[in-house]
Amino acid sequence: MPGSGVGLCINASKSDKPKQMKKLIIPGAVVFLLIVLFIARFPLARYYFNSAIEHKSEKRYHEASKSFSRVLFLRPGMDNARLEKAHVLALLEDYTGAIELISEVTGRNEDNAEAWYYSGIYRSAGGDNGGAIEDFSKAISLGIETAGAYAGRGIAYYETGSIDPAYKD
């Protein structure tokens with residue numbers, strides 16, 4: 001029977017006058033579908049994430065990048081997907097894109113030492129040695145005590161002509 005069932009009613013008019021009020025009725029089935037789609041995005045994001053990791057391991061980087069984009073569309077706050085996509089972009093030599101993604105991660109969490117470390121790597125690879133030094137230093141100050149962080153910073157110092165700090169690292 002038309003007009004029966006559960007639905008959602010939204011005031012579609014700017015006026016508060018009863019004669020001029022128009023109501024947009026969304027049928028209950030549509031509301032249900034929207035709820036299901038909202039809930040389904042979590043397992044769907046996991047599916048695309050696993051697919052992207054598989055593509056990356058198979059060196060199908062463009063497909064991996066597309067799958068990570070789908071993950072980030074479904075789950076915009078999924079920083080591990082953002083970092084993984086940054087790695088893929090760096091493998092495609094898109095260092096600017098990789099740094100932008102990592103900057104989103106560090107913007108949300110300035111204490112993410114891993115993100116600062118990779119930002120240093122990608123800045124150095126992209127030729128921004130000054131930025132690489134800052135990012136490696138931030139990663140080291142946050143607890144990344146790997147030889148890679150010190151070596152990366154030392155190489156970046158050397159590339160800028162700062163020989164003494166380069167030898168210390």
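**Helix packing, step by step**

Q: Which hand does the crossing of α3 and α4 have?
A: Helices here are DSSP runs (H or I, at least four residues), numbered from the N terminus. A crossing is called left-handed if the near helix is turned anticlockwise from the far one by less than a right angle, and right-handed if clockwise. For α3 and α4, the crossing is left-handed.

Q: Before we go on, what kind of model is this?
A: Residues are numbered from 1 along each chain as its sequence is written. Local features need pLDDT of at least 70, side-chain atom pairs count only at pLDDT 80 or more, totals for chains, interfaces and linings use all residues, side-chain values use heavy atoms with hydrogens and water left out, and the model is predicted.

Q: Are α3 and α4 roughly parallel or roughly antiparallel?
A: Axes are lines fitted to C-alpha atoms, for helices over the stretch in contact, with angles from 0 to 180 degrees between N-to-C directions. The axes of α3 and α4 (residues 95-108) come within 7 Å and cross at roughly 160°. Angles under 35 degrees count as roughly parallel, over 145 as roughly antiparallel, 65 to 115 as roughly perpendicular and the rest as oblique, so this pair is roughly antiparallel.

Q: How many charged residues are in the contact of α3 with α4?
A: Contact means heavy atoms within 4.5 Å. On the α3 side, the residues include Asp 79, Arg 82 and Lys 85, and they meet α4 residues including Glu 104 and Arg 108. Ala, Val, Leu, Ile, Met, Phe, Trp, Tyr, Cys and Pro count as nonpolar, Asp, Glu, Lys and Arg as charged, and the others, Gly among them, as polar. By class there are nine nonpolar, one polar and, for charged, five.

Q: How are α3 and α5 arranged, roughly parallel or roughly antiparallel?
A: The axes of α3 and α5 (residues 113-125) come within 11 Å and cross at roughly 15°. That makes the two helices roughly parallel.

Q: How many nonpolar residues does the contact of α3 with α5 have?
A: Leu 83, Ala 86, His 87 and Ala 90 of α3 meet Glu 114, Ala 115, Tyr 118 and Tyr 122 of α5. One of the residues is polar, one is charged, and the nonpolar ones number six.

Q: What span should α3 have?
A: The expected span is 1.5 Å times one less than the number of residues. With 13 residues (79-91), and end C-alpha atoms 18 Å apart in agreement, α3 should span 18 Å.

Q: Is Glu 93 buried or exposed?
A: Glu 93 lies in the loop between α3 and α4. Its phi is positive, about 65°, although it is not a glycine. At 60% relative accessibility, Glu 93 counts as exposed.

Q: Where does Lys 59 lie?
A: Lys 59 has a positive phi near 65°, in a residue other than glycine. Its relative accessible area is 60%, so Lys 59 is exposed. It lies in the loop between α1 (28-57) and α2 (61-74).

Methods. Buried < 20%, exposed > 50% of the residue type's maximum accessible area, 1.4 Å probe, protein only.
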